[in-house]
Amino acid sequence: MTTATLTPPRSRTGTRGLSALIGAEAKLFLRDPGNLFFVVFFPTVLLIGMGYAIPGMREPITDLPEPWLGLRAIDLFAPLMLCVAAATGGLTTVAAYLAGYRETGVLRRMATTPMRPQGVLFAQILVQFAGVAVGGALALLIASVVFGTPMPQNSLLALVVFLLAVAAMFSIGVLIGGLAPKGSTASGIGMLIYFPMLFVAGLWTPGPLMPDAVEKVATYTPLGAASQAMNDAWFGLGMPWLQLVVMAVWAVVMFVLAARTFTWET
Amino acid sequence: MSTTPTASMPSVTDSSPATEPVVRVSGLRKTYGDKVAVQDVSFEVRPGEILGVLGQNGAGKTTTVEAVAGLRTAAAGTVSVLGLDPQRDPAPVREVLGVQLQESRLPGKLRVEEALRLYASFYADPRDPDELITLLGLQEKRHTAYDKLSGGQKQRLSIALALVGNPRVAILDELTTGLDPQARRETWDLIEAVRDSGVTILLVTHFMDEAERLCDRVIIIDQGRIVAEGTPAELARQGRTGVTFQVSLGDALEDVEVLRRLPSVTSVTSTDATTTITPAQRRTDSGTLLEITGGPTVLPDVIIALHSQGIVPDEVQTISPSLEDAFVALVGHPSEEDPT
């Protein structure tokens, strides 16, 4: 077993062909129906499903204070879908891809060429990020067009929260992918974390509907913080400093852990 | 070990002095925790040759070539590839060394041509992917995804990927394992074509027939040490204690002891003539077939002894020693037996 740090390739030989590698990973991403569904379409499908399948989702909620007065439950889900997209990419596909690439020797074969296996990691993260961004954007578009959901009041903050959420989720994905011996194991571990993450993010109790006790704990989880901060950006509730710091700390700590423990070979 | 090993000695410089070795390994040692994978291995690979690295699974073959490729850090010893040091600075070595590793797959949906073009993009001076596709007979499969290829086609693609960087040295690890006989023969022809194009090859295998067919020289590794080194024919002779031949006698020999008493004879076994293999022998239904082993002069000694008894053998067939025999003698068990 060999461990290596995730330092980016330095020499000229390590980056030659990187654009071709990114292109190849993008093609492979698009050829995998599972990827396309979960990363790109799942947040949208989830939103539409909830909007039409659950009764009362499109009725205004009566007992909510400002600034949520007059909003419908479905409107509370729109910002949440960006968090769902980040978690789906990071916890399910990134982890499974990386572990699978190690398991099948893709990383090992890469290590025999002037391209470094770190290049595969980089390309994979870039492509998955693009998938997550498209998936999130698609969900927002549908929310706006189909349900007439309001867009964020603070777009810049929403973007920052989205990027931090992706960073935190992807770093956990890389950590899992670097440690799990098999792609299927990584998938399983990812799923095990994925559902509690969705819970603390408020998929079952969005925004102001989350009980206070749960909300206090959720603030310190990466996706709970992301969801709360996203709400603040959406409905103009001020600067969620604590949540931003929580996400950044998760991202940094998980990434450092991943860099220290990532195994390139079986 | 029954045979004197030539381990840890630089190979005899009987070839022309101008041929500097392409790969030089000296005193290589590699441990994984408490487990010693490679004890002490030294050898050289000369330009344009196919050197076979033989041994059982777990003998240390793969670890040795991985150290040559710079994929493993050695605990001790030095490695040089074309004057470069893969242990200290592996980056330049990767440009000139092609590696085909055992059990390294590709992403299932990557297509043949895409894989070759992708890997070609990593090198400063790659070979033309189209030329390799033709050389490896993958034209029909150019747009086929890796998962849809047969075992032999996957192996050929793997070899193509090892060659796409236009390497001067190639390491091929267990390249015919899992292939059917037809695919194995085709792969062998291919390896010879690659060597003829000027690539020096380190071939890791545990198949003796593959080594006999392809290798100019072989080293046999057992428990992390080289236990024999030489051409397959040299090793095969080393493995046998003497000369063995079969004689079929039309007339029955009344007393086999006549032969046993000859000083150069070590053993005489009588075989039922009807069970023999060659048609010539099968014709001597009524006669006797003897398998005789002995010293260097055993063949003339036996013929003279038979002649003095008034017996002229119908047929004499010497049995060529095989690398397999040598391997068993050196390592103590058949090559294809897997101890793990």
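In this predicted model, Lys61(B) belongs to helix α1 of chain B, which spans residues 61-68. Lys61(B) has a relative accessibility of 4% and therefore counts as buried, the limit being 20%. A polar atom of the Lys61(B) side chain lies 2.8 Å from the backbone oxygen of Gly55(B). Gly55(B) is also one of the residues that Lys61(B) touches once residues up to four places away in sequence are set aside.

Glu174(B) is a residue other than glycine with a positive phi, near 50°. Gln223(B) is placed in the loop between β8 (217-222) and β9 (225-230) of chain B. Gln223(B) has a relative accessibility of 62% and so counts as exposed, since the value is over 50%.

Cys83(A) is buried, at 1% relative accessibility. Cys215(B) has a relative accessible area of 7% and is likewise buried. How many disulfides does a search of the whole structure find? Over all chains, the search returns zero disulfides.

The accessibility values given for single residues are collected here.

| Residue | Relative accessible area | Class |
|---|---|---|
| Cys83(A) | 1% | buried |
| Lys61(B) | 4% | buried |
| Cys215(B) | 7% | buried |
| Gln223(B) | 62% | exposed |

The next topic is helix packing. Two packed helices are described by the angle between their axes and the distance between the axes. In chain A, helix α7 (residues 155-179) packs against helix α11 (residues 241-261) at an angle of about 25°, and their axes are 8 Å apart. An angle under 35 degrees makes α7(A) roughly parallel to α11(A). The contact draws on residues of α7(A) including Leu157(A), Val161(A), Leu164(A), Ala168(A), Ile172(A) and Leu175(A). On the side of α11(A), residues in the contact include Leu244(A), Met247(A), Trp250(A), Met254(A), Phe255(A) and Leu257(A). Ala165(A) and Ala167(A) of α7(A) also take part, as do Ala248(A), Ala251(A) and Ala258(A) of α11(A). The crossing of α7(A) and α11(A) is left-handed.

Helices α2 (residues 18-31) and α3 (residues 33-53) of chain A have axes that come within 5 Å and cross at roughly 85°. That angle falls in the range from 65 to 115 degrees, so α2(A) is roughly perpendicular to α3(A). Phe29(A), Leu30(A) and Arg31(A) are the residues of α2(A) that meet α3(A). Their counterparts in α3(A) are Pro33(A), Asn35(A), Leu36(A), Val39(A) and Val40(A).

In chain B, the axes of helix α5 (residues 151-163) and α6(B) come within 11 Å and cross at roughly 10°. This makes α5(B) roughly parallel to α6(B). Arg156(B), Ile159(B) and Leu163(B) of α5(B) meet Glu186(B), Thr187(B), Leu190(B), Ile191(B) and Val194(B) of α6(B).

Back in chain A, Glu59(A) occupies the loop between α3 and α4 (73-103). The C-alpha atom of Glu59(A) is 8.9 Å from that of Gly70(A), which is eleven residues away along the chain. With neighbours within four places in sequence left aside, Glu59(A) contacts Leu71(A), Arg72(A) and Ala73(A).

The chain totals close the report. Chain A has eleven helices and zero strands, and its pattern along the sequence is α-α-α-α-α-α-α-α-α-α-α. Chain B has twelve helices and 13 strands. Of the 266 residues of chain A, 57% are buried, while chain B has 340 residues with 52% buried. For contacts in chain A between residues at least 6 apart in sequence, 78% link residues at least 24 apart. In chain B, residues 24 or more positions apart make up 70% of the contacts with a separation of 6 or more.

Definitions and conventions: Residues are numbered from 1 along each chain as its sequence is written. Chains are lettered from A and ligands numbered from 1 in the order in which they are written. This is a predicted model: local features need pLDDT of at least 70, side-chain atom pairs count only at pLDDT 80 or more; totals for chains, interfaces and linings use all residues. Side-chain values use heavy atoms; hydrogens and water are left out. A disulfide is a pair of cysteine sulfur atoms within 2.5 Å. Buried means under 20% relative accessible area, exposed over 50%, partly exposed in between (1.4 Å probe, protein chains only). Helices (H or I, at least four residues) and strands (E, at least two) are DSSP runs, numbered from the N terminus. A polar contact is a pair of N or O atoms within 3.5 Å; within protein, one must be able to donate a hydrogen and the other to accept it, and residues adjacent in sequence count only if both atoms are side-chain atoms. Contact means heavy atoms within 4.5 Å. Axes are lines fitted to C-alpha atoms, for helices over the stretch in contact, and angles run from 0 to 180 degrees between N-to-C directions. Angles under 35 degrees count as roughly parallel, over 145 as roughly antiparallel, 65 to 115 as roughly perpendicular and the rest as oblique. A crossing is left-handed if the near helix is turned anticlockwise from the far one by less than a right angle, and right-handed if clockwise.
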